[in-house]
Amino acid sequence: TNKAVAEMKSRIIQGLHVLAAMEPSAKEQLFLEDISEASGLPSEEVQKKSRAILKNIIHNYAAFEVSTIDGFTHRVLRTFAKDLGLPLNFEVELRTDDVLNEAVDRLISKAGRDKEITRVLVNFVLSKTDEDKSW
């Protein structure tokens, strides 16, 4: 979602700001040391690169693109829509009721064949009937 992308962008910029700080706090220093250790670069180099990246992002914010996995997948599908036999203007819908009903149907179809699923379903039905609720 757009909200998730905005939050990720904000966190990236905050992280870079912390790494670029000239006089980091004790907590920020630990973060800097972790990044330094993970990257194999000295702390000073991490700070220098963080400042350069942050400056570049600020000067070219329109080009600073962050995407969710969902957004990335959607772009890939759109790119290959013709190859996949999809209409070019396809819409993605999440029909949660249909998905939930199918999942429940598949689960119930395994009752009697899978001992663990059968046991769980029987216990669920018994607990619902004990509470005088529909199962």
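This is a predicted model: local features need pLDDT of at least 70, side-chain atom pairs count only at pLDDT 80 or more; totals for chains, interfaces and linings use all residues.
## Helix H7 and its ends

Helix H7 comprises 16 residues, running from residue 115 to residue 130. At 1.5 Å a residue, a helix of this length should span 22 Å.

At the start of the helix, a side-chain oxygen of Asp114 comes to within 3.0 Å of the backbone nitrogen of Glu116. After the helix comes Asp132, whose phi angle is positive, near 55 degrees.

## Salt bridges in the structure

The structure contains 6 salt bridges. Among them are the pairs Arg11 with Glu7, Glu45 with Lys49, and Arg106 with Glu102, which are described in turn below.

An α-helix has 3.6 residues a turn, so residues three or four places apart point the same way. This general rule provides the background to the pairs that follow.

## The pair in helix H1

Arg11 and Glu7 join their side chains in a salt bridge, with an N to O distance of 2.9 Å. The two residues belong to helix H1, which covers residues 2-20. Because they are 4 residues apart in that helix, about one helical turn separates them.

The partners fall into separate classes of accessibility. Arg11 has a relative accessible area of 57% and is therefore exposed, the cut-off being over 50%. Glu7, at 42% relative accessibility, counts as partly exposed.

## The pair in helix H3

In helix H3, which consists of residues 43-59, Glu45 and Lys49 are placed 4 residues apart, or about one turn of the helix. Their side chains form a salt bridge with an N to O distance of 3.9 Å. This pair qualifies because the cut-off for a salt bridge is within 4 Å.

Glu45 is partly exposed, its relative accessible area being 29%. Lys49 is likewise partly exposed, with a value of 41%.

## The pair in helix H6

Arg106 and Glu102 are found in helix H6, residues 96-109, where they stand 4 residues apart, about one turn of the helix. A salt bridge links them, and their closest N and O atoms are 2.8 Å apart.

Arg106 is exposed, with a relative accessible area of 55%, whereas Glu102 is partly exposed at 41% relative accessibility.

Methods:
Residues are numbered from 1 along each chain as its sequence is written. Side-chain values use heavy atoms; hydrogens and water are left out. The expected span of a helix is 1.5 Å times one less than its number of residues. A polar contact is a pair of N or O atoms within 3.5 Å; within protein, one must be able to donate a hydrogen and the other to accept it, and residues adjacent in sequence count only if both atoms are side-chain atoms. Buried means under 20% relative accessible area, exposed over 50%, partly exposed in between (1.4 Å probe, protein chains only).
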